[in-house]
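User: Hi! Could you walk me through this model? I'd like the overall picture and then a few details.

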Amino acid sequence: MVSGLEELQRNLVKLQLNNKKAAKRAVNRVSELVSDNLRSNTPYDANASDHLRDDIKTTGITGSAKGEISKDIGFGKKTGWRFHFPEFGTTKQAPQGFAQRTINQSQSEALAIYEEELRKGNQL
């Protein structure tokens, strides 16, 4: 069982080096999970014409040549510039912390997905 982020990182490096196909599968599954959680946690402003919730972007897989397979999840250029206002707050708005809440909410399930793919990929 993985207990911390450092151990998770070590296990991911092993997974990526031993079986890149399983590592890509795990990263894809986790990125879908986190994107869905971010979409459900992102506040929706009925007065705005462009909504953060509708502009969540996920990049393609990067770093496979270096053995560091990853995807970035965030907001597009159209709305990303204002992400920090609801996340961290302003002088007139309390912070909502939806991105941090998404990370905390997704962490245990993401670890389980990585563990499952690590076992399947390395036939453990």
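**Fold and helix packing**

Analyst: Happy to. Read along the sequence, the chain follows the pattern α-α-β-β-α-α. Helices here are DSSP runs of H or I with at least four residues, strands are runs of E with at least two, and both are numbered from the N terminus. This is a predicted model, in which local features need pLDDT of at least 70, side-chain atom pairs count only at pLDDT 80 or more, and totals for chains, interfaces and linings use all residues. Residues are numbered from 1 along each chain as its sequence is written, and side-chain values use heavy atoms, with hydrogens and water left out.

User: How many helices and strands in the protein chain, then?

Analyst: Four helices and two strands.

User: And how do α2 and α4 pack?

Analyst: Helix α2 (residues 20–41) and helix α4 (residues 98–121) pack at an angle of about 160°, with their axes 9 Å apart. That makes α2 roughly antiparallel to α4. Axes are lines fitted to C-alpha atoms, for helices over the stretch in contact, and angles run from 0 to 180 degrees between N-to-C directions. Angles under 35 degrees count as roughly parallel, over 145 as roughly antiparallel, 65 to 115 as roughly perpendicular and the rest as oblique.

User: Nice. Is A26 buried or exposed?

Analyst: A26, in helix α2, is buried, with a relative accessible area of 0%. Buried means under 20% relative accessible area, exposed over 50%, and partly exposed in between (1.4 Å probe, protein chains only). The C-alpha atoms of A26 and E115 are separated by 8.9 Å, though the two are 89 residues apart along the chain.

User: What does S35 touch?

Analyst: Leaving out residues up to four places away in sequence, S35 touches I56, T58 and I73. Contact means heavy atoms within 4.5 Å. S35 is also found in helix α2 and counts as buried at 7% relative accessibility.

User: Switching topic: where is Q93?

Analyst: Q93 is in the loop between α3 and α4. At 31% relative accessibility, Q93 counts as partly exposed. With residues up to four places away in sequence not counted, Q93 touches F85 and P86.

User: And what does G97 touch?

Analyst: P86 and E87, again not counting residues up to four places away in sequence. G97 lies in the loop between α3 (84–88) and α4. The C-alpha atoms of G97 and H84, 13 residues apart along the chain, are separated by 9.4 Å.

User: Last one: what share of the 124 residues is buried?

Analyst: Buried residues make up 36% of them.
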